[in-house]
Structures are given as C-alpha cells and as structure tokens.
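This report describes selected helix contacts and local backbone features of a predicted model. The sequence and structure are shown below.

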Amino acid sequence: ALLLMGVIGGTTMFAMMYTKAPHVASRTILTVDVVIAIFLAVLWFEGMDDMLEAAVPLHHHWAVVLVHTIMVLGLAFAVAWALKSKTSAIAIFCGAGAHYCAFTGRSLAMELQHAHFTSAPLVCTLGVLALVAALGLFGLALFMLKRACGIQPGEESENEAHNTFMDRFDDVENDFAAMSLATYVVILIQFWILQKYPEEAEIEPGDGIRHSRFERLAMLFTSLGALALAALAVPKLERRVGHGYIKGRLLGIYSSFTCILTVLAFLLFGQMHVYEHGRINASPLFARILFADGCSVLAFGGIFLLTICGAKGTSVVLVLRSLGLLAGFAWEEVFDAAVDVAAKGSGYGHVAEGTLALVCVAAILPSYLTFKKAALQAEKDELEG
C-alpha cells in the first residue's frame, strides 16, 4: 500500500510541481516543503522521545522535558546567530528548525497540563494562564539574550545581518509558542467535551468506538472555526497592526496558532471517524494509511481549489501551511507505526524505534535542505502575489 501510494502520490506531485498552470507549481512546492519539514521534525522528535522513555524514569520526565526545551532553544539561537550573515543558510535552518523547536514546546505544554491541570475542565482552563506565563518567561529570556548580543528588538539595525537574524528567529519563537498553545487548547477542548481528561493524546486504530457523533462534530467545527479565523482575520489584522514590534509578534503567534489548531483538531476528528470505523480499524496500519491518503488528497485538492478561486496573499500561505501540516502529521504517524512493527521483533523496543527514526532523518535531511531553497522562493512569490 505504501509503495502504491508512493507511485501515485509521487507522480501527481511531480506533475503539479512542473505544471505551467499559474500558481499551482509554487503552491505545490510550498505545501510539499511543509509536509517534509513536519515529517522530519516529528520523526526526529519521536525518536528522541522514544530514547527518553527508555533512559529516564517517568517521574523525572517533567524536569528532563524542561531542560531539553531550554537546550533546544539555546542551541537554535546559537546556530541561527552563527548563520546570520548567510541569508540562505539561516532561512533554511530556521525554516526547518522551527518545527523541531515547536515540538519541544508541544511536549512541554502536555507535561505541564498532565502534571498540574487535570482535575477539572475549569482548572485546566486556568492552566492556560500558567502556560502563557511560562512562554512569557522563555520570551523574556530570549529577549535579554538578543539584547546581550547587541540587538535592539523592534528597531531597524544598520547591520543587515542582525535584521536577517531577527526576522528568521522570530518565526522560530512564534512556532514554539503557537504549537505549545494549540496543543494545550485542543486537549482542553476535548476535556470540556468529554468531561474527563483525555489521558491519551492520540487515538489508536483498533480500540473500538470510544467517541460519539457529537464529539466528532465538535472537533470538526473547532478545526473549521480555527481555519476561518486564520484565513479571514489574519489579513485584516495585518492591515491594522501597523509596524509595532510587540503587535507584530503577537500577530505572528496568532497566525501560527490558528493554523496548528486547525490541523490538530481536524486530525482528531479524522482519527475518530476513520480509526473507530468498524470495517476499517481491523488493520491498524491500513487504517493509518487510508487516513493519510485522505489527507494527501485533501492537500492536493486544496491547492487546485485555491487556484480556481483566484485566492492570493497571506491567507493562501496560511491555508497551504495547514494542508502541509495535516499531510505531514498523517504520514509521520504511518511511518511511526511501521517503525513500531519493525522494532518489536528486534528485542530492543524504544531504543530500536528511536535509532531507526534518527537514521531515517539523517538520510533524508541533505536532500530536503536543497529542496528548501525552492520552497523559500515559492513562498516569496506567493506573498508578492
């Protein structure tokens, strides 16, 4: 099934990337870039997480996740600073690294929520304030670090390398905060709907029917509502915000937040519908492949629909990113399930899973870095209309 999908999907994708139809090629490149980036980021993160589970006792996970988050953000800052004079290199690094940093934020938000805010939906809602405060502390620490490096955030510098660094690393920070908030909020919404804390963040195929029609529709409407807020509100807010640094940063976080919330909510809806279907979930891996196929068709169809409608600008980029995130998440879950099956027979469990995932990332990454240059140009063309 994976080989068949690879042939069909690869042929379709190749045709769309080299078509002469206006906007289709650039939008396909932009979407595929997000798919590959999120696939690699999730795969790498899952590999590290599997190694963590094998090496660290459960009661120490919160402390390790916090230290890991600080280390990842610090390392990302250091590498981006070292590449500030190389426009293409820092764009590629921050574009790909933003997703990995975002997943450290996702892990931090889930650990915070699970450790302290699971007693009642109202308590969990108040936990949003704690998460915002934690993100504020990270933001303040990075702000002070920038000042220590001679950068004045919000002010144009005569040193063009400093301006490039600010533009690119702001995206990393925005994705980190947005993924943290979106992950927390989507679980919070589940908590209010179910009236009990969802212990499992993901739905596994083969577990039977565990969610009602109302719960599925609630997640679908959450996804559609977030997508509408992203596509309709962001362009209007951009025109009103002006050039203020803080307002611009908040708008960037809001844009990423709505995109990620759209994807996470739709993934839950789709998993509830497909994975709990009586005739599909008999084979867990087949159910995942079928769902990922549907997400891919939705992504490709969305590109054509946007082109037919004549949509342009920021809203199109937001929708394309959402479609890319959706397909990337879905196919990473397929790959992760396949890795689980392959690793079970090895006798090394999580260590084998983590090692195999990291090796796959190392094999794919060099080719992706070359492709990223074309994706950056595609995004620039799209934003310029």
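## Surroundings of Tyr245

Apart from neighbours within four places in sequence, Tyr245 contacts Lys146, Pro153, Gly154, Met166 and Asp170. Tyr245 itself lies in helix α8, which covers residues 245–275.

## Packing of α8 with α9

Helix α8 also packs against helix α9, formed by residues 284–309; the angle is about 135 degrees and the axes are 10 Å apart. An angle of this kind makes α8 oblique to α9. The crossing in which α8 passes α9 is right-handed.

On the α8 side, the contact consists of Phe266, Leu267, Gly270, Gln271, Val274 and Tyr275, which meet Ala287, Arg288, Phe291 and Leu298 of α9. Sorted by class, the residues of this contact are seven nonpolar, two polar and one charged.

## Packing of α3 with α4

Two packed helices are described by the angle between their axes and the distance between the axes. For helix α3 (residues 61–82) and helix α4 (residues 87–116), the axes come within 10 Å and cross at roughly 165 degrees. Because angles over 145 degrees count as roughly antiparallel, α3 is roughly antiparallel to α4. The passage of α3 across α4 is left-handed.

From α3, the residues making the contact are His61, Trp62, Val65, Leu66, His68, Thr69, Val72, Leu73, Ala76, Val79 and Ala80; from α4, they are Ile90, Phe93, Cys94, Tyr100, Cys101, Thr104, Ser107, Leu108, Glu111 and Leu112. The class composition of the contact between α3 and α4 is 15 nonpolar, five polar and one charged residues.

## Shape of α4

How far does α4 reach from its first C-alpha to its last? The helix has 30 residues and spans 42 Å, close to the 44 Å expected at 1.5 Å a residue. At Gly97, α4 bends by about 30 degrees.

## Packing of α3 with α5

Helix α3 also meets helix α5 (residues 121–148), the axes coming within 12 Å and crossing at roughly 30 degrees. Since angles under 35 degrees count as roughly parallel, α3 is roughly parallel to α5. The handedness of the crossing between α3 and α5 is right-handed.

This contact involves Leu66, Thr69, Ile70, Leu73 and Phe77 of α3 together with Phe138, Leu142, Leu145 and Lys146 of α5. Its composition is seven nonpolar, one polar and one charged residues.

## Backbone at Gln195

Most residues other than glycine have a negative phi. What is the phi of Gln195? The value is near 60 degrees, which is positive in a residue other than glycine. Gln195 is placed in the loop between α6 (160–194) and α7 (213–241).

Methods
Residues numbered from 1 in each chain as written. Predicted model: local features only at pLDDT ≥ 70, side-chain atom pairs only at ≥ 80, totals over all residues. Heavy atoms only, no water. Axes fitted to C-alpha atoms, helices over the stretch in contact; angles between N-to-C directions. Helix = DSSP H or I, 4+ residues; strand = E, 2+ residues; numbered from the N terminus. Parallel < 35°, antiparallel > 145°, perpendicular 65-115°, else oblique. Left-handed = near helix turned anticlockwise from the far one by under 90°. Contact = heavy atoms within 4.5 Å. Nonpolar A, V, L, I, M, F, W, Y, C, P; charged D, E, K, R; others polar. Expected span 1.5 Å × (residues − 1). Bend = angle between axes of the 7 residues up to and from the residue.
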